[in-house]
Amino acid sequence: MDQFKIDVSYDGSDNEIVVVAPHGYIDATTYLDLEKEILKLLSEERYKIIVYLTHCEYVNSAGWGVFIREIKDIRQHHGDLVLADMSPDVHLVYEKMEFSKILKSFSSLQESVSYFYSDNG
Amino acid sequence: MKHRRITLDSDLKNLSKVREFIAAAASDAGASPSEITKIEISCDEWSANIIEHSLEGKEKKTFSVECSAAEGRFIVMYEHEGERFNPIEQEVIDVDDHFSESKERGLGIYIMREMMDEIHYEYIEGRINRLTIVKYLEENG
């Protein structure tokens, strides 16, 4: 199995958009790394977060919990956490479990960046 | 397909071994990629539940997984001698309420119940937890 890792990059005129890109499986062995990264961003008052899932093969319940748990706090700070470029397997759970009612998703990274440039973000 | 069985130590490092074992068996049974995903996700949730909760602190820290297929059904049977726990008795959750109430457990079981077609729980001989989960293989016709 490939080593799990998370890449973090920035976008926007003031680097205010953060792109978090997990690689590999988000399961019970790795979700804490993701949670740590998200909480670190929030402690830095970064509230425009894109989770770029193109390299992520799988998200378990704990991983979905990381995305959803902080969403109200993020939106109260006029930000959002959105998902971009989910694999078919990840998207299957997103749709089946109706996480789409809670989390916005975009089919590409560019679309998710554009969302934050628009009035909505 | 023949019955396949593995027994593993209760260690989160073994989650990937279970996923690989399940995916290979489901593929051999003729499951579609979408069905394999649903089975794999369900088994990952239940494996993690056993390792993190049922077998935590127990003397005998192994669990077994057995796969079989018959009449268009793919069947996975888990057995362990840890804490008695019947997932069928758990309340169906509302995802939005679940997180707003800061609940930590229950979503994995809810995912498993949504992804699989049948779930059966038995407590045998006063020590063995057996969970049998079934996926109907329909998508390949």
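What follows is a chat about the sheet, the helices and the cores.

Colleague: What kind of model is this, and which pLDDT do side-chain atom pairs need?

Modeller: Residues are numbered from 1 along each chain as its sequence is written, chains are lettered from A and ligands numbered from 1 in the order in which they are written, and side-chain values use heavy atoms, with hydrogens and water left out. It's a predicted model, where totals for chains, interfaces and linings use all residues, local features need pLDDT of at least 70, and side-chain atom pairs count only at pLDDT 80 or more.

Colleague: In what order do the five strands of the open sheet in chain B run?

Modeller: Helices (H or I, at least four residues) and strands (E, at least two) are DSSP runs, numbered from the N terminus, and two strands pair if DSSP finds at least two bridges between them. Strand 1 (4–9) and strand 4 (118–124) of chain B are the edges, each pairing on one side only. The pairing is antiparallel, and the order is 1-2-3-5-4.

Colleague: Which residue is the bridge partner of B:I75 in strand 5 of chain B?

Modeller: Strand 3 and strand 5 of chain B pair in the antiparallel sense over eight bridges. In strand 5 of chain B, the partner of B:I75 is B:V134.

Colleague: How many residues of strand 5 of chain B are buried?

Modeller: Buried means under 20% relative accessible area, exposed over 50%, and partly exposed in between (1.4 Å probe, protein chains only). Strand 5 of chain B is largely enclosed by the rest of the structure, because the buried count among its nine residues is seven.

Colleague: Which residue in the turn between strand 4 and strand 5 of chain B has a positive phi?

Modeller: Those two strands of chain B pair over seven bridges in the antiparallel sense. They form a hairpin with three residues between them, and the one with a positive phi, about 55°, is B:E125.

Colleague: At what angle do helix 1 and helix 2 of chain B pack?

Modeller: Axes are lines fitted to C-alpha atoms, for helices over the stretch in contact, and angles run from 0 to 180 degrees between N-to-C directions. The axes of helix 1 and helix 2 of chain B are 9 Å apart, and the angle is about 150°.

Colleague: Is B:I22 buried or exposed?

Modeller: B:I22 lies in helix 1 of chain B. Contact means heavy atoms within 4.5 Å, and, leaving aside neighbours within four places in sequence, B:I22 is in contact with residues including B:I39, B:C43, B:V65 and B:F74. Its relative accessibility is 0%, so B:I22 counts as buried.

Colleague: How far apart are the C-alpha atoms of B:I22 and B:E40?

Modeller: Along the chain, B:I22 and B:E40 are 18 residues apart. B:E40 is also one of the contacts of B:I22. Their C-alpha atoms are separated by 6.3 Å.

Colleague: How many residues are in the largest nonpolar core?

Modeller: A nonpolar core is a set of buried Ala, Val, Leu, Ile, Met, Phe, Trp, Tyr and Cys residues joined through side-chain atoms within 4.5 Å. Among the members touching the most others are A:W64, A:F67 and A:L83. The total is 41 residues.

Colleague: What is the relative accessibility of A:S87?

Modeller: A:S87 lies in the loop between strand 5 (80–84) and helix 4 (88–96) of chain A. Not counting residues up to four places away in sequence, A:S87 touches A:L53, A:C56 and A:E57. A:S87 counts as buried because its relative accessibility is 18%.
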